[in-house]
Amino acid sequence: MTLPEEAMHALLPMHAVLSPLGCIRQAGPTLHKLSDTPLEGACFLEQFEVYRPRLIRSMAALLEAQGRKLSLRVRGTDMELKGTVVGTGDGGAVVNLSFGIAVVDAVRRYRLTSTDFASTDLSIEMLWLMEAKALAINASRSLNTRLQDAMILAEERAFTDTLTGLKNRRALDGHLDKLIRQRQAFSLMHLDLDLFKQVNDTHGHAAGDHVLRQAARVMLEETRKDDLVARVGGDEFIIVFANLTSPARLAELAVHLIKRIEEPVTYDDAVCRISASIGITICMGEEVTPASVVERADEALYASKRAGRARYSFYAEGDPEVPKAIGEKK
Amino acid sequence: MHGLILRTFQVFVQDTYGPEAWLDISGRANLEIVDFEAMLIYPPETYDAVITASEDVMHKPRDVFLEDVGTYLVSHPNSEGLRRLLRFGGVDYIDFMHSLDDLPDRARLVVADLNLPSLEMHDDGQNQYRLLVGPGLPGFGHVMVGVLRAIADDYGALVLLDSRAETAAEVQVVEISLFETAFAEGREFDLAGRTPLRGGAG
């Protein structure tokens, strides 16, 4: 027993009624759109390949698959379908098909419209949901991109000294943490400007700021791109040299820095003269903390200062070495 | 107030009257920011501030402004994505009208925190329909008038619309007289549209 043909078409637009021999007696209007040739009279298994639960080659095998979820393919294409088969008691069967998740693809390929689906079918709802979700996700994604850009900018600002454009203490701490965690060898130079207070007092803060910016520029020019130059106090700077541990090279750098910082800076009509004292410490990847490294460099810096400024010295455990004035050879 | 709603006002003004007009409105409404984010939530009073500022800048009563927003949502190329979502509602205008009851739930399905007023469509027979717009978003009924009018063109239907407020219950009533479902050639609707890159409401 089957329902009248029109009722079947309305309720199951993708059904096929099969004869005991497996020929299609009647096919739903949407199923017709999947084939270039008339389906009526054709052999169902020649039009559709059933590959799950197993490859099915005969009407008998198809009837055995009753109650199973069938996976099919439209022969000659990669269009996948889902289906169910029910025997009609006379050796024939009714197969009902659907597109499953491939519905988006199917709608495009066969130019389907709403009327090709039964109104109880959720396919249209699924298409709607996919479009709506795409819109919502686009909106979310564009927000995320803008937030990401804003975050990068904010981080950049948070790690920058606004006066000189150098890195600040926060950036330095992060950088040291990373080097120490990775057990990298590095050296740290603590640089303090000499006579800076006098510039401020004599020529004013604007001149002082100008001198600071000039000193910052010198430090950036004398260091490599990957070195970190930070302003950590009014006239105090720290430079971190990753993978540079040669005392000779560091001494040479210190001399250069001091000489260039000593070059007179003109501001308005005032000629400002400063110098610098430097303390250096070298870490060969041993266990240290950021604070202890900075402390060592500090110790060396104050040895330089005590010895009469415009000098550099290296930190040495127990027995601090004699600070070198920049004219001396190490 | 959901950013999606405020952003809709923004893109409507920008696309219809240009970026200057929106700068005027955002200034007059005393907004902290110029661009609304569709996926963020703003203080509730922003809604009224934007509408009031738009009335002033555009020299238009708010009812007309809101109705124009509704029209924009369906007919402007920049909101093609939303028009498509609405067209999924049915194969003809009658189907579409009946699909409106589901609209707030559908919206929530995709944007969980977007609360639209409830919509209830009543078929009074003889081609007379009434849409009851619930409270929550003052003036939303006018937006729906714009949507209903523009989507009628989209389907090629001929309708007459009238809206009135039932202030006591804060329910707005939109009366729809449907003269013909296929009066003119509507716009094409292909189920398999390309995924839109930019939604009008987004």
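Residues are numbered from 1 along each chain as its sequence is written, and chains are lettered from A in the order in which they are written. Because the model is predicted, local features need pLDDT of at least 70, side-chain atom pairs count only at pLDDT 80 or more, and totals for chains, interfaces and linings use all residues, while side-chain values use heavy atoms, with hydrogens and water left out.

Start with confidence. pLDDT is the predictor's confidence in each residue, from 0 to 100. Chain B has a mean pLDDT of 90. In that chain, 94% of residues reach 70 or more. Residues 195-202 of chain B fall below 50. In the model, this stretch still has 22 contacts beyond near neighbours in sequence; a contact means heavy atoms within 4.5 Å. Where pLDDT is low, the predicted coordinates should not be read in detail. For the complex, the predictor gives an ipTM of 0.78 and a pTM of 0.71.

Now turn to charge. Side chains of opposite charge can pair when their charged atoms come close. A salt bridge here is a side-chain nitrogen of Lys or Arg within 4 Å of a carboxyl oxygen of Asp or Glu. Over all chains, the structure holds 33 salt bridges.

One of them pairs Glu37(B) with Arg146(A), with the closest N and O atoms 2.4 Å apart. Glu37(B) lies in the loop between helix H2 (19-28) and helix H3 (45-58) of chain B, and Arg146(A) lies in helix H6 (residues 123-158) of chain A, so the pair joins two chains. Helices (H or I, at least four residues) and strands (E, at least two) are DSSP runs, numbered from the N terminus. Is Glu37(B) buried or exposed? Glu37(B) is buried, at a relative accessible area of 13%. Arg146(A) is partly exposed, at 39%. Buried means under 20% relative accessible area, exposed means over 50%, and partly exposed lies in between (1.4 Å probe, protein chains only).

Another salt bridge stays inside chain A. Asp161(A) meets Arg231(A) at 3.3 Å, N to O. Asp161(A) sits in the loop between H6 and helix H7 (169-181) of chain A, and Arg231(A) in strand E8 (residues 228-231), 70 residues apart. Asp161(A) is buried at 13% relative accessibility. Arg231(A) is also buried, at 16%.

Salt bridges link Glu80(B), Arg83(B), Arg87(B), Asp154(B) and Arg187(B).

Next, look at strand E1 (residues 15-18) of chain A. Both its faces are covered. His15(A) and Val17(A) on one side and Ala16(A) and Leu18(A) on the other are all buried. Strands pair if DSSP finds at least two bridges between them. E1(A) runs antiparallel to strand E6 (residues 93-98) of chain A, joined by four bridges. There, Val17(A) stands opposite Val94(A). E1(A) also runs antiparallel to strand E2 (residues 24-27) of chain A, joined by three bridges. In E2(A), Gln26(A) is the bridge partner of Val17(A). Five residues lie between the strands of this hairpin, where Gly22(A) takes a positive phi near 90°.

Finish with helix H7 (residues 103-110) of chain B. Which residues of this helix are buried? They are Leu103(B), Pro104(B), Arg106(B), Ala107(B) and Val110(B). They cover an arc of only 160° around the axis, so they lie on the same side of H7(B). The arc is that of the directions from the helix axis to the C-beta atoms. The buried residues of H7(B) pack against H6 of chain A, together with helix H5 (80-87), helix H6 (93-99) and strand E1 (119-123) of chain B.
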